[in-house]
Amino acid sequence: MGTRTSEFIARLTEALGPKGVSTDPVEIDPHISDWRGRWKGSTPVLVKPATTEEVSKAMTLCAEYGFAVNPQGGNSGMVNGSVPQGEVLISLKRMNKVREVDTLNDAMTLEAGVILTKAQEIADENGRLFPLSLGAQGVAMIGGLISTNAGGVGVLRYGMMRDLVLGIEAVMPDGRIWNGLRGLRKDNTGYDLKHLFIGAEGTLGIVTAATLKLFPKPAVKETAWAVVETPAKAVELLQIAKAASGGAVTGFEIVPKFGLELVLKHIPDTRDPLPSTAPWRVLIELSLPREEGARDMIETLLGDAIEKGVAADAVICENEGQKAMVWKIRENIAVAERAHGKALKHDVSVPVSRVAEFMERGAELARSTAPGVDIIAFGHVGDGNIHFNVTPPPGVDQDAFVAKEGLKVSEAIHDLIASLNGSISAEHGIGRLKRDELAWRKSPIEMEMMRAVKKALDPDGRMNPGRVL
Ligand SMILES: Cc1cc2nc3c(=O)[nH]c(=O)nc-3n(C[C@H](O)[C@H](O)[C@H](O)COP(=O)(O)OP(=O)(O)OC[C@H]3O[C@@H](n4cnc5c(N)ncnc54)[C@H](O)[C@@H]3O)c2cc1C
């Protein structure tokens, strides 16, 4: 370590105290690789501020010394954005206070390091619902969820993280603090700057706190598991469910038979809720304000779907244990897939009306580009967002397959997505993984506007260099 870096760390320690700074390799280690073990990085120092003022002090020092910064939340990101590549690593994990819960305003203000399950609990304790829900909710933090504009399983009814944020507090690259923590639902006073930070993946500044929307808790959730023959039938079932429930569908997830089999094989204490040879399953969740009529509603809509030949079969969860089981299956597909081996992952979206076409054409395309592959396509049909993952043919060297076929398969899938007017990153973001592709997939004018925003807010390019742009 050079003398300049040593001096920088000494000044950081003076400013934040010993609890706020670490150069211990054992403590740093889990912060410098991603959850899948796909990317490994490095950092000269792990900074752990406990307050916004401490983030500001750290950022001021980074600016003075000209050091680049990598903010980190739960490090569950999927696109190689949160792993440092030699930058100063600022972890928000000690910033985990609840600043305010304002039930009359249906809002809560939390610091960036609050873990998502904790945020859900805080809402629940206050008789409200914070609806964001995703597989990494036990580790992902508010700041990371905002910075990636996370989606998950409730988007159909409640929207993405962007739709759940009323206000933001952020520290700029030069250390200045912007307090935009307004709990307003209406505020037309010029550019809505919070939206720049939402989904910016830490390239513009550090999110230190946010005011988030709360919702009434549903009185009852009815959950069902249906068997369908094709993705087109799943989309038809979605229309039936939406129409019959008056928009109360809060979850609508497609699961392929192969994905289900991987979960049953790799995840303990799971079982198939409705054994069938059919190739697709759908998890349906309705959230309703009253118990009365709820069961009738889901029974009727499923009966209707079966009668019309849309669903082949269906089962309604009778208790909380059964509901937990179907969600466990859905939320563990990515984990089971990882246990199965390598996969070429595509987090893509198309208009809901084109989901079935994409899934069918995408499967044909992947199989013709790389014969013998298996496909695990699952996810948020109701949002038009499919995780379209392609696994190497059984028995081949997985690394060699990814190196040889990876780019070809992914380009073919993304070309198809472009032709359907879709997105090559529905909810995971760009990071370092998709940065180069973004540059030629987006129109020149979009890239120009994005670069102009980056230049205006981070003129020295020290925030998460190499991510997104
Ligand atoms: C099993 C599993 C399932 C998942 N399911 C979903 C899903 O359904 N939907 C979905 O959208 N995502 C999903 N993800 C991806 C991931 O959980 C989300 O991207 C999440 O929002 C990342 O939060 P984090 O706190 O872990 O952020 P990190 O991974 O630490 O960081 C993500 C990015 O944000 C930046 N960042 C982090 N904190 C801040 C901050 N305070 N200020 C500025 N920049 C910051 C980082 O530099 C990085 O670029 C899943 C991940 C896993 C492992």
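Which element gives the largest share of the lining of the second largest pocket? The answer is helix H17, with five residues. The model is a predicted one, in which local features need pLDDT of at least 70 and side-chain atom pairs count only at pLDDT 80 or more, while totals for chains, interfaces and linings use all residues. Residues are numbered from 1 along each chain as its sequence is written, and side-chain values use heavy atoms, with hydrogens and water left out.

The second largest pocket has a volume of about 860 Å³. A pocket here is an open set of points on a 1 Å grid over the protein atoms alone, with protein on both sides within 12 Å along at least five of seven lines, and a lining residue has an atom within 4 Å of a point. Grid points are joined across faces, edges and corners, and a volume is the space filled by probe spheres set on the points. The lining holds 33 residues, with Gly199, Ile430, Leu438, Lys442 and Met450 nearest the pocket centre. Helix H8 (194-197), helix H16 (435-441) and helix H17 (444-457) are the elements that give two or more residues to this lining. Helices (H or I, at least four residues) and strands (E, at least two) are DSSP runs, numbered from the N terminus. By class, the lining has 15 nonpolar, 11 polar and seven charged residues; Ala, Val, Leu, Ile, Met, Phe, Trp, Tyr, Cys and Pro count as nonpolar, Asp, Glu, Lys and Arg as charged, and the others, Gly among them, as polar.

A cavity is a set of grid points where a 1.4 Å probe fits but cannot get out. One cavity of 30 Å³ or more is counted, and the largest cavity holds about 30 Å³ of space. Its lining consists of Val153, Leu156, Gly251, Phe252, Glu253, His380, Gly382 and Asp383, that is, three nonpolar, three polar and two charged residues. Strand E13 (residues 249-256) gives the most to this lining, with three residues. Domain 3 and domain 4 each supply at least three of the lining residues.

The chain is divided into domain 1 (3-91), domain 2 (98-216), domain 3 (220-331) and domain 4 (341-419), with bounds from an automatic or database domain assignment. The C-alpha centres of domain 2 and domain 3 lie 29 Å apart. Across this pair, seven residues of domain 2 are in contact with 10 residues of domain 3, where contact means heavy atoms within 4.5 Å.

Now to the sheets. Four strands form an open sheet in the order E1-E2-E4-E3, with mixed pairing; two strands pair if DSSP finds at least two bridges between them. Strand E1 (21-22) and strand E3 (69-72) each have a single partner strand, so one side of each is left without a neighbour in the sheet. E1 and strand E2 (residues 46-47) run antiparallel and are joined by two bridges, and valine 21 has valine 47 of E2 as its bridge partner. Helix H3 packs on this sheet, touching E2, E3 and strand E4 (88-91), and its direction makes about 170° with that of E4. Axes are lines fitted to C-alpha atoms, for helices over the stretch in contact, and angles run from 0 to 180 degrees between N-to-C directions.

Another open sheet has five strands in the order E5-E6-E10-E8-E9, with antiparallel pairing. Its edges are strand E5 (98-102) and strand E9 (177-180), each of which pairs on one side only. Neighbouring strands of this sheet are turned by 10° against each other on average, direction ignored. E5 and E6 pair over four bridges, and the bridge partner of valine 101 in E6 is methionine 108. In the hairpin of these strands, with four residues between them, aspartate 106 takes a positive phi near 45°. Five bridges join strand E6 (residues 107-111) to strand E10 (residues 206-213), with threonine 109 bridged to threonine 211 of E10. Helix H4 (residues 116-125) packs on the sheet, touching E5 and E6, at about 145° to the direction of E6. Helix H3 (residues 52-65) lies across E5, strand E8 (165-171), E9 and E10, running at about 45° to E8.
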